[in-house]
Structure formats: C-alpha cells, structure tokens
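Here's a quick briefing for anyone opening this one up for the first time. Have a look at the sequence and the model, then read on.

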Amino acid sequence: MKIYVLGSKLVSEYILETIVEGLRNVFPKANFRVEAKTLEIPSQAFNQDRQQFLSTTILAEAHRYAEKYGLTVALGVVDVDLYVPQLNFVFGEAECPGKAAVISTFRLRPEFYNRPPNETVLIERCIKEAVHEIGHALGLRHCDNPFCVMHFSNSIYDTDVKQKFFCTKCYLTIEKILKEKE
Ligand SMILES: [Zn+2]
Ligand SMILES: [Zn+2]
C-alpha cells in the first residue's frame with residue numbers, strides 16, 4: 001500500500017514528516033513518502049464570495065497525482081480554508097472510496113481559535129484528520145463513536161475529543177479492506 005503525503009507550497013516538510021510518523025502508527029504496513037511543495041492549489045478552487053477554497057477541486061489534483069504514480073492514496077496537505085458547497089467549512093475531504101484525500105491546517109491551528117500557537121496540538125489534530133480522510137479513501141464511512149477517528153468533526157472540539165485510532169468496529173472493517181489490498 002503506497003501512500004504519498006503531498007504538501008502545498010507553504011506547508012513545511014517538518015509538519016509533513018511528523019504527520020507521516022503518526023500515520024505509520026496507525027498504518028504500520030503502508031509505504032509512506034513525503035513530497036513537500038508538490039501539490040498545486042488550482043486558482044479556480046478559490047471562491048471570491050466565500051474567501052475559501054473548494055476542497056473538491058484540490059482533491060482532483062491529488063487524484064491526478066495518485067493515478068500518475070500508481071498510489072493507493074495521495075493525501076494532500078494544504079494551508080488554506082477549505083469548503084464544500086453544503087458546509088461552512090471542512091477540515092478535509094476524501095473520495096470514499098477512492099485514491100485521493102486532502103486536509104488543511106487552516107482551522108487546526110490553535111491561533112484560529114485565538115489561542116497561542118502550539119505545534120504539538122496542531123500536529124495531533126493533523127494526524128487525526130489525516131487518518132480520518134485516508135480511512136474514507138480506503139472505504140470507511142463515518143462512525144457514531146465520538147472517540148473513533150472516523151467520527152465526523154463538526155467543530156475543533158470533536159477533533160480534540162476523538163482519538164487517532166479506529167474503534168474496534170472500524171478497525172475490523174479496515175483490516176478486512178487492507179487484507180484485500182495486499
Ligand atoms: Zn469524514
Ligand atoms: Zn469507529
């Protein structure tokens with residue numbers, strides 16, 4: 001299972017590497033690779049009225065990359081505010097199932113909530129959202145368990161409550177999916 005983590009221009013290689021360290025704990029058998037400053041944010045993703053970026057357009061970029069390099073999943077990590085039409089914002093989006101996922105650091109930073117910057121908190125949140133979106137790409141749906149990583153985050157509080165790992169039910173589902181992909 002090949003998973004590439006693609007950063008957009010302003011996302012540091014350090015953040016990407018630290019996210020991958022967290023992902024390795026959840027997906028120990030996967031082959032990860034970090035590609036910093038690789039993911040283009042298409043200019044047409046920007047919505048002037050909302051001052052936000054349509055995540056689906058960025059997801060399509062990640063998908064093209066996954067196709068080109070024969071990846072199981074391409075996870076894009078961007079730093080801009082993402083939305084989909086039905087929601088005020090999203091922390092990330094993924095094809096479900098599919099090969100592409102994207103998350104943004106924008107609303108995961110404590111500064112966004114008028115708190116002092118804290119890289120440990122930021123990375124912890126990034127890992128949870130990264131596992132969540134990769135889980136979707138591998139075929140998992142949302143889970144009712146508020147501590148499960150597949151729980152839907154309506155707000156940053158949900159992200160902070162949930163853990164980096166799958167609950168037993170989701171774990172068994174993902175094990176089955178991963179066995180089929182081996
Ligand atoms: Zn989700
Ligand atoms: Zn679950």
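Phe27 is buried, at 2% relative accessible area (buried means under 20%, exposed over 50%, partly exposed in between, with a 1.4 Å probe and protein chains only). This is a predicted model, where local features need pLDDT of at least 70, side-chain atom pairs count only at pLDDT 80 or more, and totals for chains, interfaces and linings use all residues. Residues are numbered from 1 along each chain as its sequence is written, chains are lettered from A and ligands numbered from 1 in the order in which they are written, and side-chain values use heavy atoms, leaving out hydrogens and water.

**Aromatic rings**
- Rings of Phe, Tyr and Trp (its six-membered ring) pair if their centres lie within 6.5 Å; planes under 30 degrees apart are stacked, over 60 edge-to-face, and the rest tilted.
- That rule gives seven aromatic pairs.
- One of them is Phe27 with Phe166, edge-to-face at 5.9 Å centre to centre and 70° between the planes.
- These two sit 139 residues apart: Phe27 in the loop between helix H1 (13–26) and strand E2 (31–35), Phe166 in the loop between helices H4 (156–161) and H5 (168–181).
- Helices (H or I, at least four residues) and strands (E, at least two) are DSSP runs, numbered from the N terminus.
- Phe166 is buried too, at 11% relative accessibility.
- Tyr4, Tyr65 and Tyr69 make up one aromatic cluster.

**Zinc site**
- His132, His136 and His142 each use NE2 to coordinate the zinc ion (ligand 1), at 2.0 to 2.1 Å.
- Donors are N, O and S atoms within 2.8 Å of the metal (3.2 Å for Na, K and Ca); water is not among the atoms, so sites may look incomplete.
- Along the chain, the zinc donors are spaced H-x3-H-x5-H.
- His132 is buried at 3% relative accessibility, while His142 is partly exposed at 43%.
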